[in-house]
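Welcome! Please take a look at the sequence and structure below, and then read on.

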Amino acid sequence: MTTNDSPPGSSYAAPDGEHPREPLVPYRPGQDSGDAARSFYETIKKRRTVRMFSDRAVPRGVIEDVIRAAGTAPSGANKQPWRFVAISDPEMKHRIRLAAEEEERAFYERRASERWLDDLKPFGTNPDKSFLDDVPWIVVVFAMKTTDDGGQVYYLNESVGIATGMLLTAAHMAGLATVTHTPSPMGFLKEVLERPDHERPYMLIPMGYPSEDATVPKIGKKPLDEIAVFVD
Ligand code: IYR
């Protein structure tokens, strides 16, 4: 029998063959859930995809904590099948820019359908990715097809998607702007960054302070009644 009176953080004695358990350390927002949920919504709704960055430095420690936050994401069987490569080296950022722009030129000139280009018009995007030079950090998220020692991973896309969402949220909470950049195909990132075969480039996320004169497209989010169905 396990006991229920161990101090928080200590592990329960586990019977033979069972994995140890520990008491949950609950998060208590310090206000009622209604106020906490509303206040978080007011904060997160200010997150925007930003393509105009300041060259103001962001200390490495900030990026480390943003990545630590992403690393707390849930994942299939807790395999944590992600790797975050954080780049501030100007030469490496420039190499990534040149390679990304090459793919993007092919996308805008040949690969994208007319409909896709039409859907992108409000965003004013084009093959110019100068933000990759301007931004202090680029975080490249890799999805791991196996663990480092060749073990199985589960729900890979779901797991990495959640961790990436948490990375974007953590950056926002630290006052940093991001853009979810998905040059397609992204294979060049694996070569430029010399990553092993079991890592697949998932998303490229420039991270930094927005420029003073940054603008974003005037777009909205769907209201609750379009995104939610309540059965209550
Ligand atoms: N990857 C291209 C095109 C692009 C595609 C989508 I879907 C966007 O939401 C935005 C851009 C680019 O980054 O320019």
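Which residues does Val-141 touch, not counting residues up to four places away in sequence? Val-141 meets Arg-83, Phe-84, Val-160, Thr-164, Leu-167, Arg-200, Pro-201, Tyr-202, Met-203 and Ile-205, where contact means heavy atoms within 4.5 Å.

A word on the ground rules. This is a predicted model, in which local features need pLDDT of at least 70 and side-chain atom pairs count only at pLDDT 80 or more, while totals for chains, interfaces and linings use all residues. Residues are numbered from 1 along each chain as its sequence is written, and side-chain values use heavy atoms, with hydrogens and water left out.

## The overall layout

The protein chain contains eight helices and four strands; these are DSSP runs numbered from the N terminus, with helices (H or I) of at least four residues and strands (E) of at least two. Read from the N terminus, the order of elements is α-α-β-α-α-α-β-α-β-α-β-α. Along the principal axes, the C-alpha atoms fill a box of roughly 65 × 45 × 40 Å. Of the 232 residues in the chain, 36% are buried; buried means under 20% relative accessible area, exposed means over 50%, and partly exposed is in between, using a 1.4 Å probe and protein chains only. Among contacts with a separation of 6 or more, 76% link residues 24 or more positions apart.

Val-141 is part of strand S2 (residues 137–144), where eight of the eight residues are buried. Trp-137, Val-139, Val-141 and Ala-143 are buried on one side of S2, and Ile-138, Val-140, Phe-142 and Met-144 are buried on the other.

Strands count as paired if DSSP finds at least two bridges between them. S2 pairs with strand S1 (residues 82–87) in the antiparallel sense over six bridges, and Ala-86 stands opposite Val-139 in S2. S2 also runs antiparallel to strand S4 (residues 199–208), joined by eight bridges. There, Met-144 has Glu-199 of S4 as its bridge partner.

## Two nonpolar cores

A nonpolar core is a set of buried Ala, Val, Leu, Ile, Met, Phe, Trp, Tyr and Cys residues joined through side-chain atoms within 4.5 Å. The largest one has 26 residues, and those with the most contacts inside it are Ile-63, Phe-84, Val-141, Leu-167, Leu-176, Ile-205 and Met-207. Helix H2 (60–70), S1, S2, helix H6 (156–173) and S4 each supply at least two residues of this core. H6 gives the largest share, seven residues. A second, separate core of 22 residues includes Ile-87, Ile-96, Ala-177 and Met-186.

## Two pockets

Rolling a probe the size of a water molecule over the atoms shows where empty space is left. On a 1 Å grid over the protein atoms alone, a pocket is an open set of points where a 1.4 Å probe fits, with protein on both sides within 12 Å along at least five of seven lines, and lining residues have an atom within 4 Å of a point. Grid points are joined across faces, edges and corners, and a volume is the space filled by probe spheres set on the points. In the table, Ala, Val, Leu, Ile, Met, Phe, Trp, Tyr, Cys and Pro count as nonpolar, Asp, Glu, Lys and Arg as charged, and the others, Gly among them, as polar.

| Pocket | Volume | Lining residues by class |
|---|---|---|
| Largest pocket | about 480 Å³ | eight nonpolar, two polar, six charged |
| Second largest pocket | about 320 Å³ | seven nonpolar, five polar, three charged |

Lys-45, Arg-47, Gly-220, Lys-221 and Lys-222 lie nearest the centre of the largest pocket, which 16 residues line. Helix H1 (33–44) and helix H8 (224–227) each supply at least two residues of that lining.

## Two residues to look up

Arg-97 sits in helix H3. Why does Arg-97 count as buried? The reason is its relative accessibility of 17%. Arg-97 touches Asp-128, Lys-129, Ser-130, Leu-132 and Asp-133, leaving aside residues up to four places away in sequence.

Pro-185 lies in the loop between strand S3 (177–178) and helix H7 (187–192). Pro-185 counts as partly exposed because its relative accessibility is 41%. Pro-185 and Glu-104 are 81 residues apart in sequence and 9.1 Å apart in space, C-alpha to C-alpha.
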